Amino acid sequence: MIENAHVVTVSGDEYPDGHIVIEGDRITAVGSGKAPVQDGERIDGAGCLATPGLVNTHHHLYQWASQGMAVDSTLFDWLTTLYKPWSKMDAEVVAGAATAGLGWLAKSGCTTSADHHYLFPKGRGDLFAAGIEAAREVGVRFHPCRGSMDRGESQGGLPPDEVVEDLDTVLAETEAAIDRYHDPSPGSMLRVGVAPCSPFSVTRELMVESARLARAKGVRLHTHLAETLDEEEHTTEQFGMTPAEYMDSIGWLGPDVWLAHCVHLRDTDVKRLAETGTGTAHCPSSNARLGAGIARVADLLKEGATVGLGVDGPASAEFVPLAGELRQAIYLQRARYGPTALTARQALEMATLGGARCLGRDADLGTLEPGKLADVALWRVDGFRAAVDDPVVAFAFGPTPPLARLLVGGRTVVDADTLVTVPQDEAGRRGADAHRRLMRLAEEVL
Ligand SMILES: [Zn+2]
């Protein structure tokens, strides 16, 4: 049980001096005052804010190994610079990068993370399995999405031909990944998604067949959409439609779909995303780092659309803490729409319940309520932060506070602001080793 904390349930109630009782991997009670049970481990939450564990809706963990490169480039220039080293990565690079990336996320309150892996160079080991093993070690819930690209330069796509796969291989590998790893149970630690990379790197046929496969298997669909003006120009030229119109035309909007970015949307696109129940993974730091623009989050929320937060790959958002994306989202929305565009509590809801909705987990995750999974972040808002009366404002407006504890299904992943499932120093070292290995592999002439 956690006692004496400021508990924000995100389902409507807040308890300034509250408790949370956990049995097994579920929450059994939440309320004001002392916990209504006697026996068990007692966590003193005095000076702490308790929130649901944060949900990261968009990531490319392998990119931990290629941070700090092409730092002043647009998305398309950045991609064409990075495709080369990425084409040389192997399972060892992914394992190290994913361990560091997930450890870093846990340190900023993340209890569930999506991952979008879309490059599978031949003969370099099982890259998809490497990410899954890292998530098991770190102990966070994992939604790895089997990504793909099949439209290389020779077919009018952006990536060089050597990093794309053919359609039959993609579909067979994706189906095999679902059959092997996907766990649809309510307490699941691992659910697989289907995620062709983007309209400018994937053929129409692969988009359509991916949706067919995902729906036949009962798993979710994910891709990048409307990230930059370059992309809009590309799809207008190739298909005569905006990116969102194109996806709508091929059955890719719906309650089982969530899309990363959605920066460049027309009013009609915003309405379609809302009325189809399509989720958006908002990644404000990445959008700012690549100069892509400011997503229409305030408009999407006004229309009732589902919006979650994401850090995106570390190569386009170096060392971004997931909790820090609340502030980035608030600031960027206010820069575009004015001071009432997004509140601290709305940002917290996006980072928790909104993310859980994107991933189809809102029945079990995203709020602190009896019956839900015990994914809880306990943030230290005492010390310097006690100068702000409202701990949610201190949390969302300030830099990421230290974590007193992070629980995933009741299991401690972070204790006293230190990753404990994998020794924290070791997680950092594995990530740095992965970077050095990738740089060495990139120099090799095959
Ligand atoms: Zn991305």
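**Terms and their grounds**

Biologist: Which residues does glutamine 67 touch, not counting residues up to four places away in sequence?

Modeller: Glutamine 67 touches Pro314, Ala315 and Glu318; contact requires C-beta atoms, placed from the backbone, within 7 Å of each other. This is a predicted model, in which local features need pLDDT of at least 70 and side-chain atom pairs count only at pLDDT 80 or more, while totals for chains, interfaces and linings use all residues. Residues are numbered from 1 along each chain as its sequence is written. Glutamine 67 and glutamate 318 stand 251 residues apart in sequence, yet their C-alpha atoms are 6.1 Å apart in space.

Biologist: Where is glutamine 67 placed, and why is it called partly exposed?

Modeller: Glutamine 67 belongs to the loop between strand S6 (54-56) and helix H1 (75-86); helices (H or I, at least four residues) and strands (E, at least two) are DSSP runs, numbered from the N terminus. A residue is buried with 20 or more other C-beta atoms within 10 Å of its own, exposed with 12 or fewer, and partly exposed in between, the C-beta atoms being placed from the backbone. Glutamine 67 has 18 such atoms, so it is partly exposed.

Biologist: What makes alanine 70 partly exposed, and what is its phi?

Modeller: Alanine 70 has 17 C-beta neighbours inside 10 Å and therefore counts as partly exposed. Alanine 70 also lies in the loop between S6 and H1. Its phi is positive, about 45°, although alanine 70 is not a glycine.

Biologist: How do you know that aspartate 312 counts as buried?

Modeller: The count for aspartate 312 is 29 C-beta neighbours inside 10 Å, so the residue counts as buried. Aspartate 312 sits in the loop between strand S13 (306-309) and helix H11 (324-337). Aspartate 312 has a positive phi of about 65° although it is not a glycine.

Biologist: Is glycine 53 buried or exposed, and with which residues is it in contact?

Modeller: Glycine 53 has 29 other C-beta atoms within 10 Å and is therefore buried. It occupies the loop between strand S5 (48-52) and S6. Beyond its neighbours within four places in sequence, its contacts include Gly109, Cys110, Asp375, Val376 and Leu406. Proline 321 is 268 residues from glycine 53 along the chain, and their C-alpha atoms are separated by 13 Å.

Biologist: Why are H2 and H14 called oblique to each other?

Modeller: The axes of H2 (residues 91-107) and H14 (residues 424-443) come within 7 Å and cross at roughly 140°. Axes are lines fitted to C-alpha atoms, for helices over the stretch in contact, with angles from 0 to 180 degrees between N-to-C directions. Angles under 35 degrees count as roughly parallel, over 145 as roughly antiparallel, 65 to 115 as roughly perpendicular, and the rest as oblique. H2 and H14 are therefore oblique.

Biologist: Which residues of H2 meet H14, and which make the contact with H3?

Modeller: Among the H2 residues that meet H14 are Glu92, Val93, Gly96 and Gly103; their partners in H14 include Ala427, Arg430 and Leu438. The axes of H2 and H3 (residues 127-138) come within 8 Å and cross at roughly 35°. That contact involves, among others, Ala91, Val94 and Leu102 of H2, with Leu127, Ala130 and Val138 of H3.

Methods
Two residues are in contact if their C-beta atoms, placed from the backbone, lie within 7 Å.
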